[in-house]
Amino acid sequence: MSYPTEAEQQHAITTLKILHIEDNPIDAELISTLLRRGGIDCEIDRVEKKDDYVARLSAHEYSIILADYTLPGFDGAGILRLAQQFQPDVPFLFVSATLGDEVAIEMLKSGATDFVLKHSLARLLPAVKRALREKKERDKARAAEEALQRSEKRFRFLAEASQLLASSLDYHTTLPMVARLAVPQLADWCSIYTVEEDETIQPLTIAHVDEHKLEWAHDLLWKYPVDPGALHGYASVTQTGMPLLLEDISDAQLERMSRDHAHLEALRSLGMRSYLAVPLVARERNLGCISFGSARSTFGQFHLEIAEDLARRAASMVENAKLYQEAQEAVRVRDEFLSIASHELKTPLTSLQLEVQMLLRLARRTAGVLSGSNLVAIGAGESGSAYSQENDPAACKSGNALTAEHIANKMETLEKQTKKLSKLINNLLDVSRIAAGRFEIRREEVDLTRVVNDVLSRFEQQFMLAGCSLKVNAAAPVVGMWDRLRVEQVVTNIISNALKYGRGRPIDVSVSRTDCSAHFQVTDSGIGIAPEHLGRIFERFTRATTSKNYGGLGLGLYIVKQIIDALGGRISVNSELGKGSTFIVELPLAGSTLTC
Amino acid sequence: MTVTAKATKTILIIEDDVDIRDALTQILEFEGYDIASASNGKEALDVLRNSARPGLILLDLMMPVMDGWQFRAEQQQDKRLADIPVVIVSADGRIFQKATAIGAAGYLRKPVELEVLLNTVQRHFKAS
């Protein structure tokens, strides 16, 4: 598929170039005048000899050929034959003195367009005009036919490409198929680059019309990765977001485009007379680039339009594939979360329910016993205290009688468990809100020192139970614009962790400030965190301990980090396994960043 | 008033959550059983090999160190322990399939109903 360049087409329209085989100069002059007077703007090349004739025929393209029938050296039939050989589509008119009917008919049959007798030259002008007109019609018809064929080809190509693209959601398989489809229909080679998950640009595939060059071409792609500063290819196309068409590349240009001599040789071997690159863009996201090259012919508007259409379809398909993957992943994460949450919630619920049902049972029995049977009343947990053997085959173990003390103990356990459950549910709700983007921060004036001291006093009993001594350094007020409840949540969570994992050893808590930020620090000497867990400690569902005795859903620190991020702060942790951990929270004092 | 001396009726509870373990222990002790407990499969094997043989094992499936599946595999390989009936306790919705797969005598779905617990235990306990 090769087309005259735009420049060549322009030039052809203006002056008609006429080749006139005539040995009589006077006749030639007469004919020339007739034509010019008749309004035909022309440039006439007159030849007498066969050699000149052939030379002209091979050197120039003519709009019309006029020929005398009889010349010394060669005859009309020969002249016509040569014209047919070199420029078969050009109108050919005999302008001759004598031309018998039979000869004339024979010539017409052989492909001459018309003939005019020299003694009736009045016919010349209309004959020439008609011949030119018919040629024009023929050309138009042919152009229309060609345009139709091109159009069909284009639609067929794009339809086939669309089918390939739709055949699978894996663009790593479909795009190479499309590249192969484009060769050699559209180009001698076609390469595709895609932006991968890690944001890097990778060559995906290259198709080449020469099978033997295929592997070599592949290596080439990898050997010369994308050069961000290049004036061609991926770099320029993504920077401008526009396609790039280099119609006719000179060797000098090619040299400028190559990085070293080896690269230049490679490009020459690949075939780069013409080059076309289109970006793959969907929803303003750059997904890659498709490039085409032609070794011998040149690309034009036709190729550009097809390439752009193709790029649109391919980009849309790649985008869909990514969206689908993202959706699948989101569903998977949600399902995993639901599964874990459901399992985790059922755990505290199990002991809660068992305890309640046991108490209920005891209560009912007690009620039953007191209301009218001859059973002995329940004593205070001595061994051997009596239950009726008929009603209760189990021996009564000490401490299980329904005394007020027993009830109080049980209730305390139940309260603790409902609180644990409630906390778990709140954490789940927080995480769900964070995931849905509905996690809101409401700012007000908050004194961090005050919050910390409040939380510590609430934990007083727990400190005693855990046996952790407390050293507090939080005297001067440290005031900032934060969300009070959320800050409380952070402080509570960190202190609670210190107690939980503190192994009964001393805990240090301090609140301080610098010019720009407030600091809250908790140090314990407990079990510490292993280095391999340290990096993931603020992620969801991770627990640095394997023992579930420590309880919880692995969400606490995740939520803490989300809160601190939302407030523009930072949290960090230092820890050594077996020695203890230090958590440091920094919050901005003014504005929303830690620098001021 | 006669007090019937009872042969030791032991149940082994294998469950990593301390609250659930405590609740089950209290309930079953009240019903007259002796309770041995372990917080994972490995501990349970130690207990089994070094104490009185229980008439029933209540087995949680999700535990650290050694989970219910692994424990059951070990139990079935030990001739001495293989025929102690096992009732699995799980929060998983597909507990029926799991019980069948693991060859359990019965199952208890979390959160556990007290009545169901007592009935199941009574039904499957095998005095030795």
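**Note on a predicted two-chain model**

1. Start with A:Ala314. Setting aside neighbours within four places in sequence, its contacts are A:Leu165, A:Leu175, A:Val178, A:Leu280 and A:Ile290. The model is predicted, so pLDDT limits apply: local features need at least 70.

2. A:Ala314 also matters for the core count. Together with A:Ile290, A:Ala314 has the most contacts inside the largest nonpolar core, a set of 42 residues. Helix α12 of chain A, residues 301-370, gives this core its largest share, eight residues. A separate second core holds 37 residues, among them A:Trp482, A:Ala518, A:Ile563 and A:Leu587.

3. Chain A overall. The chain has 18 helices and 19 strands. Of its 596 residues, 28% are buried. Take the contacts in chain A between residues at least 6 apart in sequence: 65% of them join residues at least 24 apart.

4. Helices α2 and α6 of chain A. Helix α2(A) covers residues 25-37; its axis and that of α6(A) come within 10 Å and cross at roughly 65 degrees. The crossing is right-handed. From α2(A), A:Ile31, A:Leu34 and A:Leu35 take part; from α6(A), they meet A:Leu124, A:Leu125 and A:Val128. By class, this contact has six nonpolar residues, no polar and no charged ones.

5. A:His119 sits in the loop between β7 (114-117) and α6 (124-166) of chain A. Is A:His119 buried or exposed? A:His119 counts as exposed, because it has 8 C-beta neighbours inside 10 Å and the limit for exposed is 12 or fewer.

6. Helices α13 and α18 of chain A. Helix α13 spans residues 404-435 and helix α18 spans residues 556-566; their axes come within 10 Å and cross at roughly 45 degrees. That angle makes α13(A) oblique to α18(A). The crossing is left-handed. On the α13(A) side are A:Asn427, A:Asp430, A:Val431 and A:Ile434, which meet A:Gly556, A:Tyr558, A:Ile559 and A:Gln562 of α18(A).

7. Chain B overall. Five helices and five strands are present. Along the sequence they follow the pattern β-α-β-α-β-α-β-α-β-α. Of the 128 residues in chain B, 39% are buried. Among contacts in chain B with a separation of 6 or more, 57% involve residues 24 or more positions apart.

8. Helices α2 and α3 of chain B. Helix α2 runs over residues 41-50 and helix α3 over residues 68-77; they pack at an angle of about 30 degrees, with axes 9 Å apart. The pair is therefore roughly parallel, since angles under 35 degrees count that way. B:Gly41, B:Ala44 and B:Leu45 of α2(B) meet B:Gly68, B:Gln70, B:Phe71 and B:Glu74 of α3(B). Sorted by class, this contact has three nonpolar, three polar and one charged residues.

Note on methods:
Residues are numbered from 1 along each chain as its sequence is written. Chains are lettered from A and ligands numbered from 1 in the order in which they are written. This is a predicted model: local features need pLDDT of at least 70, side-chain atom pairs count only at pLDDT 80 or more; totals for chains, interfaces and linings use all residues. A nonpolar core is a set of buried Ala, Val, Leu, Ile, Met, Phe, Trp, Tyr and Cys residues joined through C-beta atoms within 7 Å. A residue is buried if 20 or more other C-beta atoms lie within 10 Å of its own, exposed if 12 or fewer, and partly exposed in between; C-beta atoms are placed from the backbone. Helices (H or I, at least four residues) and strands (E, at least two) are DSSP runs, numbered from the N terminus. Two residues are in contact if their C-beta atoms, placed from the backbone, lie within 7 Å. Axes are lines fitted to C-alpha atoms, for helices over the stretch in contact, and angles run from 0 to 180 degrees between N-to-C directions. Angles under 35 degrees count as roughly parallel, over 145 as roughly antiparallel, 65 to 115 as roughly perpendicular and the rest as oblique. A crossing is left-handed if the near helix is turned anticlockwise from the far one by less than a right angle, and right-handed if clockwise. Ala, Val, Leu, Ile, Met, Phe, Trp, Tyr, Cys and Pro count as nonpolar, Asp, Glu, Lys and Arg as charged, and the others, Gly among them, as polar.
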